[in-house]
Every structure is written in structure tokens, then in C-alpha cells.
Amino acid sequence: MSAPFRNEPLLELRRASVRDELRGALAALDARLPLEVPVAIGGERRHAPVLDSVDPGRPERVVARATVATGADVDAAVAIAAQAVGAWRDAPAGERAAVLARAAGELRGRRRELAALCVREVGKPWPEADADVAEAIDFLEFYGRQAVALEARAELEQLPGERNTLRHRGRGVAAVIAPWNFPLAIATGMTAAALAAGNAALLKPAEQSPGCALALAQALERAGLPAGLFALLPGAGEVGAALVRHPGVHTIAFTGSGAVGLEIVERAARVAPGQRHLKRVVAEMGGKNCTLVDRDADLDDAVPALLASAFGYAGQKCSATARALVHERLHAPLLERLRGALDTLSVGPADDFASDLGPLIEADARDRVEGALRDAAAAGARVDRTVGELPDDGWFVAPAVVAGAPADGAVVRAELFGPVLSVEPVRGMEEACDRVDEQSYALTGGLFSRDPRTIELVSRRTPVGNLYVNRGTTGAMVARQPFGGNRLSGTGTKAGGPDYLLQFIEPVVICENTVRHGLTFG
Amino acid sequence: MTEVRSRGGRARGLGRLGGRRYLHRMSALDGEIAVWGRRLAGPARPSARDRATALLSRDPALRAALFRVVDVAPACDGPGELADHLAAYLEEAARPRGGGAPAGSDAGSRLAPVLAAAGARVAGSRAGRVPAGVAARLAVRATARRFIAGATPAAAAPELGRLWSAGIASTVDLLGEATVTAAEGRAYAARCADALDTLAATAARWPPAPLLEADAAGPLPRASLSVKVTALTPLVRPAAPERGRADAADALRDLLRRARDHGAHLHVDMESLDARELVLELALELLSEREFRDGPSAGIVVQAYLRDSEQQVDRVLAWARAADRSASLTVRLVKGAYWDQETIEALHRGWTPPVWSRKGDSDRCFERIVPRLLAAFPAVRTAVATHNLRSVAHAIVAARRAGLAPADLELQVLRGLGDELAAALAAERLRVRAYCPVGDLVAGMAYLVRRLLENTANDSFLATRATGAALDRLLEAP
């Protein structure tokens with residue numbers, strides 16, 4: 001029996017010796033770049049690198065060169081997975097969990113190197129890069145234990161003369177379509193859940209982060225995962241679309257933009273010729289997350305938490321706070337302190353421990369954010385930006401605090417996925433709840449209040465999947481804060497929670513008559 | 001000096017008589033410490049305030065409710081708003097709580113029925129609401145006044161003068177909101193500069209007090225300011241201490257110059273471990289600069305509750321030996337005030353807590369450090385800052401055994417918490433200094449809540465003493 005789940009310890013970056021180790025790991029990694037990422041199916045690897053991932057802070061630095069999966073690769077991966085999955089599904093959950101725990105060990109052994117890879121490939125600053133690796137380890141350890149617990153669950157009523165059994169059986173082949181913003185954690189999480197529940201997992205990593213996905217593929221292979229149960233299928237949207245369309249795919253686990261998510265939901269609903277099942281979609285999509293600040297809030301706490309929630313990883317977390325809805329009594333003082341605090345932020349290379357914000361992931365992202373800020377300013381909003389120089393190279397954006405943004409503009413309505421915080425006054429928390437309720441997104445929310453009744457009111461009224469009280473809205477921990485949104489933010493599933501595996505399960509109930517000649521043998 | 005010796009003789013005599021059945025089990029050192037502890041101990045009967053402290057220690061739910069009132073009071077506009085909060089907290093304190101409740105509060109308050117009724121009364125009628133809010137507000141202010149010497153250094157000056165006349169030196173700590181902007185950092189620096197001016201001018205008018213004004217290392221400044229580096233800069237980044245160090249250097253240098261010009265003492269306070277590297281490196285770096293070779297009198301802090309505090313002592317002593325300075329470095333040795341925060345943060349991140357898990361370990365560590373600091377006199381001046389009578393007595397005995405005169409050891413207390421101890425120390429003609437927070441209620445609230453939590457923590461010395469625990473047991477070796 002394995003030890004109870006505990007979150008993987010984070011690195012203690014406040015110790016100079018730990019920072020030195022990480023710098024060393026980065027230098028060693030740099031010497032090995034670019035990584036070569038193959039299409040990997042059933043133990044075979046195909047190398048024909050055409051797709052480059054680059055350091056968003058220095059785009060001429062190529063981090064990984066990936067082979068792009070073809071339609072034939074997708075077909076082959078599904079076919080081999082379908083063959084392999086039967087034995088895996090029928091294996092005791094403990095065996096599957098043991099493989100995942102070994103994979104976790106593989107990642108653990110490469111902690112520093114993989115954090116460095118996140119820094120390089122997606123421009124993630126060190127603290128968040130380290131947390132990304134730790135979360136990937138958590139998912140492997142957690143879902144393995146959950147599968148064991150699920151198998152042991154005996155929850156049916158039993159009467160004399162019958163034996164009722166509920167079996168949790170893997171659904172079959174899962175397509176995992178992963179985002180770049182948690183390049184290791186989310187790809188690993190969705191993959192680990194599918195595998196733990198007795199499925200095969202075919203991973204299509206984000207085109208921006210194939211190098212991190214390679215680390216997962218290596219970990220699973222070294223952990224002894226039977227061939228065929230996992231495939232690495234790098235590429236752009238077409239690869240994901242081919243997986244979604246494929247009649248041999250049973251479950252699609254997707255994390256990414258709302259537009260793509262809705263397309264997947266629609267597409268997956270069509271039953272292809274020869275397909276004998278309904279596809280299930282697990283989708284984690286965007287957010288436009290609000291933090292409410294009531295009149296009794298402590299600004300000493302609220303200001304740093306808002307900065308971290310809005311500008312951590314340059315706002316490129318789906319859980320990031322994009323709007324602060326502030327009681328009118330505190331609106332002016334909060335805004336003044338936020339503007340002042342904006343100038344304390346340092347925008348620079350992600351590998352510099354002194355940088356508060358790194359670059360955005362790509363040029364389009366930068367242009368989208370700058371465009372939205374220009375529009376808001378043109379409409380009369382006051383836009384404050386961090387002063388200070390930005391690096392010449394890379395997709396850096398100065399974080400912005402916006403006041404008076406038009407209610408129907410992008411700064412208030414659209415998920416910008418960048419370092420932009422709209423600050424808006426409200427007359428009270430009821431009104432703030434109304435504003436949140438108008439949105440179609442419902443991922444995370446925040447509340448700063450010292451009144452238990454206000455906390456109860458907002459908890460009752462909020463539509464969001466994760467509400468954070470008197471703290472920032474990012475940094476959900478596996479098993480402690482199961483994570484996922486409602487409404488158009490997602491299918492309401494909670495990654496890192498007790499029920500997540502059920503999405504990858506086909507339940508089968510067996511009722512056996514145990515009466516024979518008037519005697520019961522069960 | 002004569003008086004000290006004669007009193008000491010009498011007390012030693014008492015120790016031999018009264019402590020006979022303990023002494024055979026005690027080392028000579030512990031025996032001497034117990035004698036001093038009894039000499040310094042206040043009245044055996046707990047005061048009303050002590051009894052309140054003891055009650056709060058035993059009732060975590062009530063304690064939580066009261067602290068939350070204190071905490072939120074500055075943010076409330078008018079007594080009605082405060083009354084609403086009070087009612088909500090009392091309601092919550094009356095309710096048994098589930099899994100998420102902090103340890104010790106799971107059973108709810110033992111005064112649950114009383115609290116529920118009080119909460120309902122406060123919330124129920126408009127007529128009851130405002131008086132309850134007013135009362136709460138007054139209680140908060142009264143409590144705050146106990147800890148906070150005045151709204152400004154000028155307002156605190158008479159109190160500092162009274163302390164001085166009673167044989168107690170002081171150091172002023174300016175309370176304020178967290179520094180999140182550069183402007184807030186500059187404002188704090190300006191308040192510090194003003195405070196130095198005011199304190200120097202005020203202190204110049206005080207009558208002579210030879211014990212407080214010189215030790216064997218030389219003259220001791222009358223005016224003293226304790227400064228927080230994290231309030232000088234908004235750039236406190238645990239993973240990038242060099243940012244805060246660079247940002248705060250100029251401001252701290254200006255304060256050192258001003259302190260030197262006024263002949264005042266500047267003490268660099270220590271806070272949570274996240275800022276330690278920044279604070280300590282900056283302080284030692286600036287004090288190594290040529291212009292501060294001969295002053296001002298300055299100091300840093302070592303926190304004995306940190307598992308690596310002895311390595312910090314090594315580092316500081318090595319620095320003091322190597323530094324080309326004529327001025328002494330004062331090291332204030334404390335247990336540390338961020339125990340809960342450090343422990344919780346470590347728990348959340350999967351770290352070994354940087355602090356000792358058991359209080360006894362902190363106390364033992366404290367006693368190991370004291371003689372090492374004393375041995376470095378006069379390059380290092382030791383200021384022992386604790387209300388734990390055993391720790392205080394231990395330091396006094398250790399100083400005597402190290403051959404130091406009473407003036408060569410400084411003992412520090414917090415104003416509002418250690419007043420009785422300070423008086424007892426002064427009566428013994430020992431050199432004592434009170435740490436005096438100055439600032440308005442709003443600014444001081446975070447400080448206040450921490451002090452209150454510390455004071456009523458189950459294992460705090462004052463709380464234990466307030467329950468009437470046997471003095472002999474409290475004076476035993478940790």
C-alpha cells in the first residue's frame with residue numbers, strides 16, 4: 001500500500017544555493033538545445049523535424065524541433081492503442097498506479113532540468129516553472145491513488161440472493177489535447193488521469209511546447225508503461241482535429257481556448273460511420289476572472305494578491321484575475337496603490353530570478369494585448385503601464401492597470417491572456433455578484449472581505465468553479481483545490497479532485513443471482 | 001553596583017534556603033538562574049489582565065473572534081459597521097466548526113451560548129448595534145494604546161521621557177501599512193528621518209542616567225530607532241534579494257548618516273525568513289562602508305526560533321571580527337515573532353519548517369547563542385529581547401559568568417507586554433530598553449494583532465504565567 005498523497009515539495013527559491021542549482025541546470029540544458037521531438041507510437045519513433053518551438057524571450061533560440069504527426073500517424077496510434085488497452089484496462093489499478101508512480105519518480109529525478117525547460121520553452125519565470133513540474137508529479141501520484149480507491153469502492157446495496165457489483169472500466173482510447181501555458185502539468189494531468197483509469201492516452205501537445213511533452217513521454221517509457229498505451233503526436237490544430245474526428249477515440253480531454261473547446265464539443269457529438277460509442281469531452285476553457293474587494297478588505301493583502309493573480313506568468317494562466325470589482329469606498333485608494341505597485345514590477349527574461357514577468361508566448365499574443373489596450377485608451381479609459389525598459393528581443397508586454405474601460409470592450413469582456421487588470425467600482429458586493437453573473441465564463445473568482453456574511457453571500461451567489469477568499473486566484477494545488485470551471489469555462493470537471501477519473505470511466509453493473517434451489521450461495 | 005551586590009547576596013541566601021530540594025537536582029548554573037528568575041518575578045497573584053489573557057488562551061474560538069474584531073476595526077466606517085462584524089464573529093465563534101477550522105478551535109467556543117446570545121443581541125436591534133460597536137471600538141483603542149506609545153514620535157515623547165526617568169531606555173518602531181509602492185517606501189523613510197530628529201531633540205532634554213548611557217564598550221545613544229527594511233522598499237522578492245537590497249540601500253544609508261549625525265542608534269529589525277537574506281546582507285554591507293566606520297551605533301537581529309540561527313550567529317560574529325570598524329555592532333537576540341507564518345508557509349509548500357517545532361528547542365537555542373554573543377563583547381553588544389523569565393535570568397547569569405558588568409548586557413521588553421519585567425529589571429539596576437511601537441491605530445493594527453496572538457498563544461511564557469503556573473517550573477532549564 002502506498003503512502004497517503006502529499007503534494008510534491010516546491011523548491012525553496014529563497015535559498016541562494018537552490019537558485020544556483022537551477023542556474024546550473026539551465027546552463028546544462030542550453031548546451032543540449034534544440035531538443036529533437038519525434039512522433040512516438042508504440043515504441044517506434046519517427047524523426048522528421050519541421051516544427052520549431054522557440055524561447056519567447058529570445059525567439060532566435062530554438063528550444064525544440066518537432067516532427068509533425070500525420071493523419072497516418074494518428075490512425076496508427078489509435079489502432080495500436082486500441083489493441084494495447086484491453087490488457088491495461090483489465091490490470092489491477094494498483095499495477096497502473098505503480099507505473100504512474102515510477103513516472104513521477106522519473107520527473108522528480110529531473111526536477112531542475114525540467115523547470116529550466118519550462119523557463120526556456122514557454123517563458124515561465126522560475127517559481128512558476130518549478131510549480132509546473134511539481135504539479136505534473138502530483139497528478140501522476142494522485143490519480144494513481146484515486147484509481148486504486150475507485151476500484152475498492154463498494155457502494156451498492158446488497159440484498160440476500162443477489163450479488164451487485166459496480167466495475168469502473170476504462171473507456172478506451174483518450175485523446176489528450178494540451179495547452180502550452182502549463183506545458184508539463186496539464187499535459188501530464190490529463191494523460192495520467194486517462195492512464196490511471198485504464199485508458200490509452202494519445203497526447204497532442206501544444207505546438208509551442210513539444211519539448212516539455214517529450215519529457216512526459218520519456219518518463220512514461222522509463223516507468224515501463226506497456227508500448228502502445230501512450231503516443232506523442234506533436235503538431236498544430238490539424239493533429240488535434242484528426243484525433244477528435246477519429247471514430248476510434250472514446251474520450252477527448254482538452255484544455256485550451258473557448259473557441260477550440262466549443263468546436264471540439266460540437267465535432268465530438270457527431271457519430272462517424274463505424275463508430276459504436278458516444279465520445280465524451282472533458283474541456284477546460286477560458287476565464288475572465290473577477291476578484292471582488294469589499295469595503296472592509298485589507299489593502300495590504302489585496303494589492304499584492306491582485307498583482308500576483310493578474311500579472312503572474314504575465315497573466316497567461318486561465319485562473320488569472322482580469323477584473324477587480326472594488327467597493328466604491330476603496331476604489332480610489334486601491335487604484336492608487338495598484339498604480340504605484342505596477343512600477344515595482346520588473347519585466348525581463350524568464351531565466352532571471354529578478355524578473356516578475358517574462359514574455360508573452362508569441363507575437364500574436366502581444367499584439368492582441370496591445371490592441372485591446374489601445375482600444376480601451378481610445379475609448380477614454382485610463383491605462384497605466386509599468387514604466388521601465390522592456391528587452392528589445394522577445395514578446396514582452398508592460399503590465400497594465402486599466403480604469404474606466406468600456407463595459408463592452410475587450411479589456412472587460414474578452415479573455416486577453418495577458419498582463420491586464422481592469423479595475424471597476426461597485427456599490428457593494430451584491431452588485432459585484434450581478435456583474436460576475438452577467439459573464440458566460442465562470443472559472444475562478446476572488447473575494448477580499450473580513451465579514452463572514454459577505455463571504456457566505458458571495459460563496460452562495462458565485463457561478464465560478466473555484467472561489468478564493470482573502471488570497472490570490474491562482475495556484476490551485478492537486479487534491480487540495482480541485483480545479484475547473486463552470487458555464488462556458490468548462491465541463492465542470494475538477495482536475496486534481498476525487499471525481500475526475502470518472503470522466504474516463506465506463507461503469508458496468510453486474511447483478512448475479514445467488515439463489516439456487518431455494519438456497520443462497522452468495 | 002553596591003546595591004546590586006547586596007541585593008544579590010540576599011537573594012542568593014534565599015535561594016539556598018527556599019530552593020534546597022530543587023538545588024540538588026540542578027546544576028549550579030540553573031540554581032543561579034532560578035534565583036534571578038525569582039528576584040525578577042512579578043506578583044504571584046495574576047492580575048485581572050492576566051486572567052483575561054489566560055481565558056483567551058484556553059478558548060481559541062473566542063480568541064479568534066476578538067482578534068478579528070481588532071483586525072477589522074480600522075477598516076470599519078463607524079460603530080454600526082464594526083458591530084456588524086462583531087456580531088458575525090461571535091456567531092461564528094459560537095458555532096462548532098468542521099474540518100477547515102484551525103487546530104484547537106474545532107469544538108467552538110466553550111462560551112458558545114453566551115457568544116451566540118451576544119451576537120444575536122448585537123445584530124438584532126438597531127438600538128443595541130451602535131452601542132455595541134462603540135464599546136468594541138473603545139475596547140480596541142484602549143488595547144491599542146497599551147501597545148502603541150503614541151500616534152507620532154512627538155506624541156510618544158512624554159511616554160519615552162517617563163520610561164527614561166524610570167530607568168528604562170527605549171527604541172521606537174514606526175508602525176505603518178505594508179510598502180507596496182515606491183512612494184510608500186519614501187514616505188516611511190521620511191517618517192524615520194523625522195523620528196530620528198524628534199527623538200534626538202527630545203532625548204537631549206532628559207536628565208543623566210549613567211547606567212543607560214554607557215557600557216564598557218563606550219557611550220550608548222539615548223535616542224534609538226528600529227527600522228524595517230521591508231518598509232523602505234516595495235521590492236522584497238525572496239528569490240531575488242538583490243533587488244530589495246539595491247533599492248533600499250540609499251534610504252538606509254541616509255538613515256545611518258542621520259543617526260550618526262544625531263548620535264542616535266539605528267537598529268535594523270528582522271522580519272520573516274523571506275526577507276532575511278535581503279535585510280542582513282544589506283545591513284552588514286552598509287555598516288562595512290568606510291563612512292560608517294566610527295558610527296553610528298547600529299544593530300541587527302538574530303531570531304533563535306530559526307533552526308539555522310546558530311549559523312547566522314557564526315556569520316555575524318565572523319563579520320564583526322573582520323570588519324574594520326571602531327563602533328560596536330549590537331545584536332538583538334529574539335525568539336522570533338513569525339512562528340505561525342513560517343510554519344504554515346512551510347506546510348503549504350512541503351518544506352521542513354525553518355523554525356523549531358517545539359518551543360523548548362527555541363529556548364535552548366537561545367541559551368546556546370547568548371554566551372557566544374557575550375564572548376564577542378565589546379565588538380558585539382548583546383541585547384536580549386524576551387519576556388521569558390528563564391531566558392532573561394539565564395542571560396543575566398551568563399553575562400556575570402562572562403565577567404561583564406551589568407551595563408554590558410542590554411535586556412529588552414515590548415512596551416505593553418513586558419512593563420512589569422522592565423520595572424523589575426530597572427529596580428535591579430540592570431540595563432533595560434523598551435521597544436515602543438509608534439503610529440496610528442490603522443497603521444498599527446497588523447502589529448497589534450500579531451502581538452496579541454503571541455501573548456495568548458498556548459505556550460507563550462506570559463500566558464503560561466498568567467494561568468498561575470508554578471514559577472519554579474517556569475524557571476527550569478528548557
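Let's start with one salt bridge, between A:Arg453 and B:Glu91, where the closest N and O atoms are 3.3 Å apart. The rule here asks for a side-chain nitrogen of Lys or Arg within 4 Å of a carboxyl oxygen of Asp or Glu. Across the interface of chain B and chain A, that rule finds 14 salt bridges.

Before I go on, this is a predicted model, with local features needing pLDDT of at least 70 and side-chain atom pairs counting only at pLDDT 80 or more, while totals for chains, interfaces and linings use all residues. Residues are numbered from 1 along each chain as its sequence is written, chains are lettered from A and ligands numbered from 1 in the order in which they are written, and side-chain values use heavy atoms, leaving out hydrogens and water.

On chain B's side, B:Val180, B:Ala239 and B:Trp351 supply 20% of the area buried against chain A, more than any other three residues.

Last stop, a look at one residue away from that opening pair. A:Tyr143 touches A:Gly189, A:Ala192, A:Ala193, A:Ala196, A:Ala495, A:Gly496, A:Tyr500 and A:Leu501, leaving aside residues up to four places away in sequence. Thanks, everyone!

How values were computed. Buried area is the accessible area (1.4 Å probe) that two parts lose on being put together, summed over both. Contact means heavy atoms within 4.5 Å.
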